[in-house]
Amino acid sequence: MRGRAAFISHSDCGRHDTGWGHPEHVGRLRAITRALRDDPALFSAIEHLEGRHATVAELELAHAADYIRQVRGVIENGGGRLDADTIVSDGSWDAATAGAGCALTAVDLSVAGEYPRSFSAVRPPGHHAVADRAMGFCLFGNVAVAAHYARQQHGLQRILIIDWDVHHGNGTQALVESEPDIHFVSMHQWPWYPGTGAREDRGPHDSVWNVPMPPGLSPDRYVAALEAGVDAATEGFVPDLILISAGFDSLAGDPLGGFTLELDHFDELTGSIVARAESWCGGRVVSVLEGGYTPERVGQACVRHLAALAVDRVS
Ligand SMILES: [Zn+2]
């Protein structure tokens, strides 16, 4: 069956102006929309929805109030640099709250059963941001905020987060590892930015599964390693919701990574996660864009990812 997956976006995400010379530029989102329009069957099979803005109180589910104020202050003063590679412009507050807010809209729709599965095409990305610091193009931990929100707002207990961005989701780990009922699996290039994510780092409650991998392996090795990570993270743990940090810089040819995944592998990984979600939690999968710096290819990968989200694996 098709038609139960949603594509969630917000025009404000385009107002985070990093400049065209920055790899995380607004053209990334435009390429996703273009690729979707090039697939009329999929375009009409999915629901297109606008997300909302996250409130400050919602951001505080994962971030320090002082940090949130500081980010807002820099933006209101016209923008600038929050770290060596994280730039904000005067539209970045609206963009960042829309980015997190889309993930919250996705959780609401998933839990309500209206759209159990969705992909949110947002920027800035989120998985490097820690409680009190911006990092690696990320201001707020969109997926981490969504995980805490799902528990607090909707009373869900167990959340599984799967991060297939080529970089370690250090921010997500930092923002969820104190909660034993949020399991986090991150597969990432090693050693590589940001330098964290060793296999031995399991977090204080052994609720983190880091899967560090060298670059340049055959793509099947990455697929198998991530699947094994998800198997380990769900041994005796049945999640109520699966969140995906969908970074497409793990595609072959990305300028910021050395993994070798092709479009087919995102179809395969998504299908496997959907099948698991259907047996565990009513098919609930909330996927949120992270990195990915070859815009045309990222657009194509998003189309394959969304198409796989839109298919029910069991009847
Ligand atoms: Zn990345």
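Reader: Which residues coordinate the zinc ion, and at what distances?

Author: This is a predicted model, where local features need pLDDT of at least 70, side-chain atom pairs count only at pLDDT 80 or more, and totals for chains, interfaces and linings use all residues. Residues are numbered from 1 along each chain as its sequence is written, and side-chain values use heavy atoms, with hydrogens and water left out. Now the general idea. Donors are N, O and S atoms within 2.8 Å of the metal (3.2 Å for Na, K and Ca); water is not among the atoms, so sites may look incomplete. Here the zinc ion is coordinated by Asp-165 (OD), Asp-165 (OD), His-167 (ND1) and Asp-249 (OD), at 2.0 to 2.7 Å.

Reader: How are the donor residues spaced in sequence?

Author: The pattern is D-x1-H-x81-D. His-167 lies in the loop between strand E6 (159-163) and helix H7 (170-176), and Asp-249 in the loop between strand E9 (241-246) and helix H9 (263-280), so the pair ties together parts that are 82 residues apart in sequence. Helices (H or I, at least four residues) and strands (E, at least two) are DSSP runs, numbered from the N terminus.

Reader: Are His-167 and Asp-249 buried or exposed?

Author: Learn the cut-offs: buried means under 20% relative accessible area, exposed over 50%, partly exposed in between (1.4 Å probe, protein chains only). His-167 is buried at 7%. Asp-249 is buried too, at 0%.

Reader: What does Thr-172 touch?

Author: Contact means heavy atoms within 4.5 Å. Thr-172 is in helix H7. Leaving out residues up to four places away in sequence, Thr-172 touches His-127, Ala-144, Ile-161 and Phe-184. Thr-172 is buried, with 1% relative accessibility.

Reader: How many residues of strand E10 are buried?

Author: First, the general idea. In a regular strand the side chains alternate between the two faces of the sheet. In E10 (residues 285-289), five of five residues are buried. Val-285, Ser-287 and Leu-289 cover one side, and Val-286 and Val-288 the other.

Reader: Which strands pair with E10?

Author: Two strands pair if DSSP finds at least two bridges between them. E5 (residues 117-120) runs parallel to E10, joined by four bridges. Arg-117 stands opposite Val-285 there. E9 also pairs with E10 in the parallel sense, over five bridges. Leu-243 has Val-286 as its bridge partner.

Reader: What unit do E9, H9 and E10 make?

Author: A crossover is right-handed if, with the strands pointing away from the viewer, the path from the first strand over the helix to the second runs clockwise. E9, H9 and E10 make a right-handed β-α-β unit.
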